[in-house]
Structure formats: structure tokens, C-alpha cells
Amino acid sequence: MYKNNIEQIMIDMHDVAACFKPSHFWQMGAEKLQQDLQSKGMENFRRFPSALGYFVPTYQFSGWINQPDKYQHLLSENQATLVDDNKAWLNMQAFLSGKMQAESDYRVYKASESALLPNTAAFSESAVGAPVEQFEFEQRVFSRSSLNYLMGINFLKQHLLADEQIKNVLEIGGGFGSLGEILLSDAANDCFYLNVDIPPTCLFSSYYLQQVFGEQLVADYLDSKRFTNLSIEGMRVTHKAAVLCPWQLSEVSGTIDLFVNFISFQEMEPDIVQNYLNEVERLQAKYVLLRNLKEGKQIAKSAGDVGVKTPILGDDYDGFLPNYDLVACNVFPFGYKTIDGFHSELRLYRRKSI
């Protein structure tokens, strides 16, 4: 089915405005993903080199995931050195594999849990897409993607107004669907999840969520083209989730309780982000939850370089969202500071009219 989707998507994308097409950063990524998809099929997408390089984050020691041979000597030397010290060897394995950092994030998630909805207390990630990296803590399974979102949800819940509920959730650039999986995994949440993403990434989230929750409950691009309209309340009647392409966003009607973007806005140009946030404003989002690199993404020095033309800094969102107040900004403990001093921060905005 995904082949039919991509054929129709590519036809439809041909004449849409540039702001709905992949940004400079994603043009190369989209091409690599498309090549891997054509040569490898969908079933193992979470181990594609292109996916691991662009939208499937891992905890594994930098570069190891796609270049294991480059670091094999490091593993071998440490194993030989620590052969008589099992505890030291286990610690080294936990560091290099990423388990040490994953467990740290899991502790933040557990320590910040609350009884508020959306409930995440029983969440355990599926193995759809044949992931190369997952960790088990207390008989539940997690990846870096799911733990990133779980910490983000707990950060949000710390700042929700009394008796406020999150029912309709819109995400732009939802990766392979982690947030949707988390929200829909507990029926008590009563959430509808709408993901808007560029091709071919939208295909992976459609596939992932359909495999987890069933094709009949997750609408993909071809399904959405058969809808009479893209009313959120209408889609909720028959589906738990829907995955749309960017040029369809202006056709969506209704209101949303929460808008989420984790990381992908920092990979777009300012005019593209502003256009998307104008749509978020139109849909009267109560809350806007963002994860952005405070210092901005690297700048592409030439047309063939990976990077952005103009980086988006954390404070730029204040100007993009004039009808929202910045409620909280967080690097520790819910975000992440890189070893070379960059800050992946969470920013939470609340609509001023609430």
C-alpha cells in the first residue's frame, strides 16, 4: 500500500508551494530515505542508514550506529584491557551502547510522572520497523524517540491548567509516530493524533501506527484524500489517528489542544516554520510544545552541504507566536546538553486567551 501512497504523493506534490516541500536540510535526507525504501522495503525501516541518520534517534555512542567498523577497535581494546574486571567492562558496555544515558532519561521520566492525562504509566514501545536499539526497564521497552516524548509530555503536564485535558493533538514532523503511539496506547487518554509530514517520512509513520493500532484506525494519505473534509471532529469518529502531507494542513478544520514539534523545525527555514505556525494559530492550539536547538542548526556552506540556510534560534519562536505566552523553557532535566555545549531545549507556550 505504501507504494501506491508514494506514487500519488509525488504526483500531488509536484505543483504545491515551496513552503510545503522538503526544506534544504531535508532534500538530501528525503532522497536517501526514498532510495533505502525502494531497495529494502518498509518492514525494517528503523534500521535504514538513512533513517538512523535523519529521524530515528539513538543513544548509541556517536557514529557507532552507522559506522560500527570504525569503532570496533575501541570495543576490542577495552574488552581486552578489562577482561579481569567484569564490573568495569559492564560499565563500559553500558556507556558505549547508550544504555547509561537511556537509563538516565528513564529515571527523569519516572521521577516526573503524574496522574494527569495523558497517561503514560503503562507505555511500552513496539518492535515494528525492526529497531536496532531499544532498552528494557522494569519489563517495559523504550527507545530514545519514545523517551524524548515521554519526558516532553511530563514537562507539559507540570504546566497544564487545572482540569485541562489534551484530546486533539497535532504534530508536524512526527518521525515514525512515537508520540502517536504513546498517546493512543492508553484508551483513557481519548486522544486523536494528527501527524503532518513530508514524503517519504509520512509513509513510515503511517506504516508504524497502522501496524501498532490497525489499518482501519489510522488514516494514511490515500485514505485522507477520500474524506469528504478534514474536520478533526469528523476524523475522530472513525479513526484514532491520521497522517497527512503538508499541503493538506490548510484544509484541516476544528481546534487542537496541543501542537508539538520536536527537532524538525530547527531543520527548516524561518519562512516555512512561520507558515506552519500560522496554521497552528488558525486551529487555535491551546498549547505549543517545541524542542529546538537553542543555538540553531548548522549552516549549510554550499548547496551540497547538510544544514540550513538560516538557523532558527530558541527566542525566534517568541516572534513567531505573538498570541502565546512562553510558560516554561527547559534544558535540564527534560532537554539535553550536548558534550560540545549545545542545548536542545523544550519550550512550552500557552495561548493568551486561555
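Q: Why is Cys-245 called buried?
A: The relative accessible area of Cys-245 is 0%, and buried means under 20%, with exposed over 50% and partly exposed in between (1.4 Å probe, protein chains only). So Cys-245 counts as buried. Quick background: this is a predicted model, where local features need pLDDT of at least 70, side-chain atom pairs count only at pLDDT 80 or more, and totals for chains, interfaces and linings use all residues. Residues are numbered from 1 along each chain as its sequence is written, and side-chain values use heavy atoms, leaving out hydrogens and water.

Q: What makes Cys-202 buried or exposed?
A: Cys-202 comes out at 2% relative accessibility, so it counts as buried.

Q: Why are H6 and H7 called roughly parallel?
A: Their axes, lines fitted to C-alpha atoms over the stretch in contact, with angles from 0 to 180 degrees between N-to-C directions, cross at roughly 25° and come within 9 Å. Under 35 degrees counts as roughly parallel, over 145 as roughly antiparallel, 65 to 115 as roughly perpendicular and the rest as oblique. H6 and H7 are therefore roughly parallel.

Q: Which residues make the contact between H6 and H7?
A: Contact means heavy atoms within 4.5 Å. Among them are Tyr-106 and Val-108 of H6, plus Leu-147 and Met-151 of H7.

How values were computed: Helices (H or I, at least four residues) and strands (E, at least two) are DSSP runs, numbered from the N terminus.
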